[in-house]
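Trainee: Can you walk me through this one? I'd like to start with what the terms mean.

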Amino acid sequence: MTDLNPDLLGADVLLLVPDAVLTPDGLMDGYAAVVAEGAFASVGPAERLERAYPHLVPVRLPGHVLMPGFVDAHHHLTQSFGSALAFGEPSEIFRRVWVPLEGALDEESAYAAAKLAALESLRGGFTTVADAGTRAAVDLEAVASATRDAGIRCVLGLVCNDAGTGTASALPNAEKHLARYADDDLVHPSLAISIPEAATADTLRDTARLAAEAGAVVQIHVNEHLAGVERSLVGQGMRPLEYLHQVGALGPQLLAAHATLLTPAELTLLADTGTAVSYNPVASAWKGNAVAPATTMAERGIRFGLGTDGTRGDAFRLVEAAEFAQRITYGLATGDSSCGAGWTWLEHAGPGGSDAVGLGARTGRIADGLAADFLLVDVSGPEMQPTWDLPWELVRRGNRDQISAVFVAGRLRLWRGWPVDWDGPAFVRRAAELGREAVRRASVTRVHPTSTEARTQAQARSAAR
């Protein structure tokens, strides 16, 4: 048996022979994959591929599964310096935390924040992230460069807010952004609007048209918080999703982030228009949102992926949270002991997420011709032995420390959690310095005390009794 090491995985063309491959048809034992020119040249039974490619030395991967990389359908890369500032905070923290924090970023710190988030995502098994736009006053190339340098695929949003700003139309910049990254190998352009009320009706409609023409998506936070729904009812006379439908912004090009507060009629709107959703279960738990009815969306055929919202870049914990949140919120009340049967969450964290962010024809599946964005996951440890239902076991018991290798566009990017072609630990130390400086500059307002302060307050209350 050959000891697996990164040198074996660095060739331009690879014939990978794991124990199993997670294909669109399910887990296939005895399968192999040929990786060449950044894509899967062939996927199928190992014996057939070894005969078809006699000039390639098979790289045997005992104890490993080759599976699609996960897709983070909703992220804010330049918020990584403040992820822990959201702990225990009430909803709509963007005014108190994210606006001031991102406003304090310069080119260097914005690049470092985005690259730090990208590295965390890669370590957690994500090969694609959808960034919903930054408020930092920097050229977006700082974020694009950070993701390229980290080696992750990025759907990069340009914020097109224009309501009440007194500024010129956002459309010329939107057109330039879509053209700027149209041919980029790893950065895929997207448009973004913070919330429906942040843009004029014309901009909501026109960005939808531009994105549809370009094969891109528009990312909008929709029906996330009760306060936002109520503002829309007062200001527009209808709920946010209903308003987007009225102005012509719904459709396959729209990626609605969160969508936690949906009426039955709004679920029908999503299904009828082909609009996609990013289901963000960890964000719901951290920020006190409701939980999107994802099992209902799956049953109704509504397109959706899973997103972190920048909470933590750990895909295995995300798919577990996706299933767990449905079980606690809906399953227990209805006696649904399955809540998606495991495969639902792997499906929507990979292929479904890729489709939701507009890259379904490019990545998200292990199939001939698609981008070779994949993971090698060690399933030989105690977490997976003996195995009875590996897909569900990956959802319930998988850990990011089981990820031996992360590939994006056919290149080995991470080995055992760290980059193979740049100094990850040194970068993390520098990013931590820049992060502390940025938070000091920002006027962040937190409501909840730190855990130490909360403990001290609890002890004081106890002593007073």
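Mentor: Buried means under 20% relative accessible area. Keep in mind that this is a predicted model.

Trainee: OK. Is phenylalanine 374 buried or exposed?

Mentor: Phenylalanine 374 has 0% relative accessibility, so it counts as buried. Phenylalanine 40 is buried too, at 1%.

Trainee: How many aromatic pairs are there in the whole structure?

Mentor: The search finds 9. One of them is phenylalanine 40 with phenylalanine 374: the ring centres are 5.5 Å apart and the planes are at 45°, so the pair is tilted. Phenylalanine 40 is in strand E4 and phenylalanine 374 in strand E14, 334 residues apart.

Trainee: Switching to charges. Which ring does the charged end of lysine 115 sit over?

Mentor: The ring of tryptophan 422, 4.1 Å from its centre. Lysine 115 also lies over the face of phenylalanine 427, at 5.1 Å from the ring centre.

Trainee: Last topic, the sheet. What is the strand order?

Mentor: E6-E7-E8-E9-E10-E11-E12-E13, an open sheet of 8 strands with parallel pairing. Strands E6 and E13 are the edges, each pairing on one side only.

Trainee: How many bridges join E9 to E10?

Mentor: There are 3, and the two strands run parallel. Alanine 192 has glutamine 219 in E10 as its bridge partner.

How values were computed:
Residues numbered from 1 in each chain as written. Predicted model: local features only at pLDDT ≥ 70, side-chain atom pairs only at ≥ 80, totals over all residues. Heavy atoms only, no water. Pairing = 2+ DSSP bridges. Helix = DSSP H or I, 4+ residues; strand = E, 2+ residues; numbered from the N terminus. Phe/Tyr/Trp six-rings, centres within 6.5 Å; stacked < 30°, edge-to-face > 60°. Buried < 20%, exposed > 50% of the residue type's maximum accessible area, 1.4 Å probe, protein only. Lys NZ or Arg CZ within 6 Å of the ring centre and 35° of its normal.
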